[in-house]
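Me: I have a structure open and I'd like to learn how to read it. Can you walk me through it?

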Amino acid sequence: MKKDIIGKTIYSVVLAFVCIIWVLPVLAVVINSFKVNTFVKTNTFDLPTGEMNAGFSNFVNGMTFGNYPFFKSVLYSVVITVLSVGLILLFTSMAAWYIARVDNMICKIVYFLCVFSMVVPFQMVMFTLSKTADKLKLNTPFTIPIVYLGFGAGLAIFMFVGFVKSIPLEIEEAAAIDGCGPIGTYFMVVVHMLKPTLISVGILELMWVWNDYLLPYLVLDINEYRTIPIHIQYLKGSYGTVDLGATMALILLSIIPVIIFYFACQKYIIKGVAAGAVKG
Amino acid sequence: MNKTRSKTPKESIKKHFLLFMGPVLAAFIIGFVWPFIQGIYLSFCKFRLIKDAEFIGFSNYGKAFSDASFRYSFDYTAVFAVVSLVLINVLAFTVAYILTQNIKGSNLFRTVFFMPNLIGGIVLGYIWAMIFDGILSRYSTSILLETKYGFWGLIILMIWQQVGYMMIIYIAGLQAVPDDMIEAASIDGASRSQILFRITIPNVMPSITICSFLGLTNGFKLFDQNLALTGGQPFIIQPDGSAIKTTEMMALNIFNTFYGSNKSATGVAQAKAVLFFILVAGLGLLQLAYTRKREVQQ
C-alpha cells in the first residue's frame with residue numbers, strides 16, 4: 001500500500017512539472033507583450049524589466065497596427081460567430097428533427113449528403129464556394145453566417161439526428177394528443193430535451209467559427225472586413241516591418257476571452273468535444 | 001389503433017417541410033453541394049474565371065501528378081501525419097492513463113492539458129514562431145532557415161495543441177474498462193504491466209482506433225498552423241525556376257496553386273484539390289469500415 005502512495009506522488013509531481021511546461025507558451029506571450037519590440041527576438045525568455053519594459057505601449061500601438069483597427073476585427077469576429085452559431089443551432093436542429101421523424105427518401109438523401117460532407121476537406125470546395133458566395137452577396141459579416149450554416153450543417157445534423165432518434169416518440173405523441181401542432185411540439189417539447197446536444201454542438205461550432213481563418217479570408221472583402229485570425233495573419237503579412245511586441249499584445253488580447261470562456265464552461269466544453277470526436 | 005396514432009404526428013410534420021428543412025437545404029446547397037459539383041467539373045477544365053471554363057479532360061490531373069512541389073508536399077505531409085499521429089497518441093494515452101489512477105490534482109492537470117486546444121491555428125503558429133526563434137536566434141539561425149526546424153517545430157506545436165484533445169477521448173475509454181476485470185486479474189497475481197497490456201489496452205482499442213484516424217486526418221488536413229509557423233519556408237529553387245517549399249503541406253500547396261502568381265494554374269489546383277479530397281475521404285471511409293467491423297466483433 002505504501003509503495004502505491006509513493007508511486008502516485010511521483011506521478012503527481014511529474015504531471016505538475018509537465019503542466020508548468022504546458023503553460024509556458026502562454027506565459028511567453030504575456031511577458032513579451034510587455035516587452036520592447038527589439039528585445040522580443042533576442043531576450044524572448046527574460047522578464048520585461050528595465051529598458052526592455054514597454055509598459056502598455058504595445059497594446060496601445062497594437063490597436064491601430066496593421067492599418068486596421070483591432071476593435072473592428074473583434075467586433076466582426078463576434079458578429080460572425082454569434083450569428084453563425086445561432087443559425088446553425090436553430091435550423092440544423094429543426095431539420096434533424098424532421099429527418100429523424102419523417103424519415104422518407106428525401107430525408108435519407110439529405111442525411112447521407114451531410115455525413116458525406118463531413119469527410120470533404122475545405123480545399124476541395126474553397127475556390128468555387130468563395131465565387132458562389134461572392135455572386136450571392138454573402139461576402140459581409142452579416143451574410144457569411146449563411147455560408148457557415150451550409151458548410152457546417154453536416155456535423156450538426158449528424159449529431160442532432162443521432163440524439164433525436166434516442167428520444168422516445170411517446171412524449172411527442174402525448175403533446176400531439178394534447179393538441180400541439182408540429183411547430184408547438186418542436187419549440188415547446190423537443191427543444192428542451194435537445195438541450196445537452198444543443199450545448200455540445202454549439203461549443204463545437206463556436207470553436208470552429210471563432211478560430212476559422214481560411215473561409216472568411218476567401219469570402220470577405222478583407223480591406224473592409226477582418227476577423228481576429230485574419231487580423232493577426234496580416235500583422236506579419238504585407239506591411240514590411242514586423243512589430244513582434246504589438247503582435248504578442250494582440251495575441252494576448254485575443255486569447256484572454258477564450259481562456260475565460262474555457263474556465264467558465266469547462267465541463268460543457270470537454271463534454272462537447274468528446275461527443276464530437278467520438279462521432280466525427 | 002397504435003399505428004394510426006403514431007402516424008398522425010408524422011403526417012402533420014411532413015406538411016412543414018419548407019419550414020423545417022428549407023433553410024438548411026438552401027444553405028447546404030449554396031455552401032456545399034453546388035461548390036462540390038462545380039469543383040469536380042472545373043477540375044476537368046481550363047479556366048481563369050468560372051464562366052469561361054473550357055473542358056479539357058484529364059490534363060489538369062496529369063499536370064498535378066507531374067508537379068514536383070505537389071509530390072513533395074504529399075511525401076512531407078504523409079511523414080508528418082504519421083510521426084505526429086504516433087507521438088500525440090503515445091503521449092495522450094500515457095497522460096490519460098496516469099490521470100485515471102486516482103492521483104491528486106487530476107482535474108487541474110486535465111484542465112491545463114486541454115487548454116491549448118481552444119486557441120486557433122493562426123495564433124498558435126505565431127506564438128510558437130516567437131518561441132522557436134527566441135531559442136534559435138541564440139545559434140544565429142531561425143525556424144525559417146532549415147527544413148528540419150520547421151518540421152519538428154510543427155510537430156511540437158501539434159503535440160501542444162492535440163495531446164489534451166486525444167487525452168479526453170482516452171480518459172473516456174479508460175473509465176469504461178470494468179473495474180472488476182482489473183481486480184480479478186490482480187487477485188490472480190497479474191503484475192501492473194500485465195494488466196496494462198493484457199486488459200486495459202485491449203479494452204480501449206476502440207478509442208485507440210478513433211484517435212489514430214483523427215490524428216491521421218488532422219495531420220493531412222493541417223493548414224492554419226503550417227501557414228502561420230513557416231508558410232512553407234525555406235524554399236529550394238529548381239533548375240526550371242520553380243520553387244519547392246520544403247515545409248509546405250498538401251493543403252497549403254493547393255492554396256498556393258490556386259492563389260499564387262501563376263494565374264493559369266487554377267484548373268491544376270482544382271485537380272489537386274479533388275485528389276486531396278479522395279485521399280482524405282478514403283481515410284475517413286477506412287475508419288468507418290474498421291470501426292464497424294470492430295463493433296460486430298464485440
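Reply: The centres of domain 1 and domain 2 of chain A, taken over C-alpha atoms, are separated by 36 Å. Domain bounds come from an automatic or database domain assignment, and here they run 2-63 for domain 1 and 70-242 for domain 2 of chain A. Keep in mind that this is a predicted model, where local features need pLDDT of at least 70, side-chain atom pairs count only at pLDDT 80 or more, and totals for chains, interfaces and linings use all residues. Residues are numbered from 1 along each chain as its sequence is written, while chains are lettered from A and ligands numbered from 1 in the order in which they are written.

Me: What is the radius of gyration of chain A?

Reply: That radius is taken over C-alpha atoms, and the globule rule is 2.2 Å times the number of residues to the power 0.38. For 280 residues, a compact globule would come out near 19 Å, but chain A has 24 Å. Its C-alpha atoms fill a box of roughly 75 × 70 × 35 Å along the principal axes.

Me: How many helices and strands does chain A have?

Reply: Both are DSSP runs, numbered from the N terminus: helices are H or I with at least four residues, strands E with at least two. Chain A has 13 helices and 0 strands.

Me: Which residues does A:A95 touch?

Reply: Contact means C-beta atoms, placed from the backbone, within 7 Å. Leaving out residues up to four places away in sequence, A:A95 touches A:I157, B:F20, B:M21 and B:V24.

Definitions and conventions
Two residues are in contact if their C-beta atoms, placed from the backbone, lie within 7 Å.
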